[in-house]
Amino acid sequence: MANYYSDHPEIAFHLDHPLMKRIVDLKERGYADAAQYPDAPVDYEDAIENYKRILDITGDVAANILEPNSESVDLEGPHLENGRMIYASKTFENIDATRKAGLHGVSMPRRYGGLNLPNVTFSMLSEVISAADAGFQNIWSLQSCIDTLYEFGSEEQRQKYIPRVCAGETMSMDLTEPDAGSDLQRVMLKATYDEEAGCWRLNGVKRFITNGDSDIHLVLARSEEGTRDGRGLSMFIYDKRNGGVDVRHIEHKLGIHGSPTCELTYKNAPAELCGSTRLGLIKYVMALMNGARLGIAAQSVGVEQEAYNEGLKYAQERMQFGKKIIEFPAVYDMLSRMKAKLDAGRSLLYQTARYVDIYKALEDIQRDTKLSLEERQELKKYSRLADAFTPLAKGMNSEYANQNAYDAISIHGGSGFIMEYKSQRLYRDARIFSIYEGTTQLQVVAALRYITNGTYINIIKEMLQSEVAEELKPLKERVETMTGRYEEVLGEVKTEDNQEKTDFVARRLYEMTADIIMSLLILDDATRAPELFAKSANVYVRHAEAECAAHYEFIKNFSAEDLESYRA
């Protein structure tokens, strides 16, 4: 029987990373839960085995329930009845299956009914579910919104809402509006305090809300009358049980049909303030979005994997000119690049998730006890690394998902354009990944300060100190050459000190940064598990080398005067 986890040993490999011991120790806090909760691990090895069991259960559900339902969900989609969103029929089956499998409240502490899993494992679960059905992954993974409530809500709110999410109730984050997409400072949904009722009232419209008719919503709204910027925005909790919100429209989308995208009308909807006023965008949404971006990176890796699977399977079966098409260099070149991007992108995803895990666990501990000097330094280090790596993981993997889905159709030829083949759905689903939760262009903006202030080049130089297997040293030398060229053009851009030119070449610098970091990550993976990653390391480094060479030549020969040729 198929299993979307155990069929791909490359996933489990990332549970064996040296940082995992520190992550698990921090997450389990001395394994004290074992005395109270029968499913809590007693030591590190027990925790890893627990993660593997949960992943195996998820892989089974994904392969044997979610994936078989995916075509029906794609064809039916959600629909609107009397101001309510109704999921596609098979989506209800999917939700029921994940609830029965205990796959909710993944990141929450056990005292609220959660599984207390780290982000690394949550990302693996997201990847596996996305490979089966990327649209359903949206519905399921939005349970991570509860992390923001856990971090910034009151203990009363935690007790009230977290157990419901752990039991399988759904969530959404209601941020965007018709006039406020990426520019969330323009949010105008109005929040006013009702003294008589002792609650806040929300009025206005939200648009493009994923899973918008969920049970529990986190809502960004303007609480400070007369303000027009982010300082007037606060975060609120809306409970569907209380009424006041209707679905006005469900968007008809290119892909991810199973994931309902709603336009909502708020009419005196009662809500609770989450955290403090005025910090909704400045603090809470930033935390919420970083988590969401990691989720999209995992969603992207899942589709990268499934696109590769579909392309490989078709190439192994399709006969042309008397032989299987996988024997043609043009086809196996394409497949090798798909696999290399998948392996390198996955490595970047899980490295980012590990950084997030360490600093988030330390922040959680800090709520209860004072950290030591060493722990405060550790928190600062990994918070910075997570912030630097998240835009790379989200941006590059969302682009790779699009590229792999495109190539899967190419391998299928004309059949790939036919709706009966899965590759067309993967292609349609993948297109949104580089748009929502911050476009790739916005990921470049987020990464640019770390490019120009030297953070990435310092990370790269530190990574270059690691030893690789003897047979991989020639590849490492090529990465060292790439790094020299990257540092050279970066230095020239900084010296020229022309902001418009810097912004113009930022995407190329971003891709060079990611290419080099992913090359070093895949070399490390291949050193530790050559049977899994040696081929991908060889292919990926050559791919990165070609990209970096092209970007180097462009930036090297581009002057500020050339900008005029590109202006509309």
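User: Buried means under 20% relative accessible area, exposed over 50% and partly exposed in between (1.4 Å probe, protein chains only), so is Asn82 buried or exposed?

Analyst: Asn82 is exposed, because its relative accessible area is 80%. This is a predicted model, in which local features need pLDDT of at least 70 and side-chain atom pairs count only at pLDDT 80 or more, while totals for chains, interfaces and linings use all residues. Residues are numbered from 1 along each chain as its sequence is written, and side-chain values use heavy atoms, with hydrogens and water left out.

User: Where does Asn82 lie?

Analyst: Asn82 is in the loop between strand E1 (79-81) and strand E2 (84-86), where helices (H or I, at least four residues) and strands (E, at least two) are DSSP runs numbered from the N terminus. The phi of Asn82 is near 50°, which is a positive value in a residue other than glycine.

User: And what about Asn116, buried or exposed?

Analyst: Asn116 counts as buried, because its relative accessibility is 7%. Asn116 belongs to the loop between helix H4 (89-100) and helix H5 (119-132), and its phi, near 55°, is likewise positive in a residue other than glycine.

User: Switching to strands, how many residues of E7 are buried?

Analyst: Seven of the seven residues of E7 are buried, so the strand is largely enclosed by the rest of the structure. On one side these are Leu233, Met235, Ile237 and Asp239, and on the other Ser234, Phe236 and Tyr238, with both faces covered.

User: Why two sets like that?

Analyst: In a regular strand the side chains alternate between the two faces of the sheet.

User: Which way do E6 and E7 run, parallel or antiparallel?

Analyst: E6 and E7 run antiparallel and are joined by seven bridges, two strands being paired if DSSP finds at least two bridges between them. Arg222 stands opposite Leu233 in E7. E7 also pairs with E9 in the antiparallel sense, over three bridges, and there Ile237 stands opposite Glu272 in E9. E3, by contrast, runs parallel to E6, with four bridges joining them, and Met173 stands opposite Leu218 in E6.

User: OK, helix H8 next: which of its residues are buried?

Analyst: The buried residues of H8 are Gln157, Arg158, Tyr161, Ile162, Arg164, Val165 and Cys166. Their cover includes helix H7 (146-152) and strands E3 (171-174), E6 (216-222), E7 (233-239) and E9 (261-274), where contact means heavy atoms within 4.5 Å. Just after H8, Gly168 takes a positive phi of about 115°.

User: What does Gln305 touch?

Analyst: Gln305, which is found in helix H9 (residues 280-317), touches His8, Leu342 and Arg346, leaving aside residues up to four places away in sequence. Gln305 counts as buried because its relative accessibility is 4%.

User: And how much of H10 is buried?

Analyst: H10 is mostly covered, with 29 of its 38 residues buried.

User: Last topic: which helices supply the lining of the second largest pocket?

Analyst: Helix H10 (329-366), helix H11 (373-412), helix H14 (455-463) and helix H16 (499-528) each supply at least two residues of that lining, and the largest share, six residues, comes from H16. On a 1 Å grid over the protein atoms alone, a pocket is an open set of points where a 1.4 Å probe fits, with protein on both sides within 12 Å along at least five of seven lines, and lining residues have an atom within 4 Å of a point.
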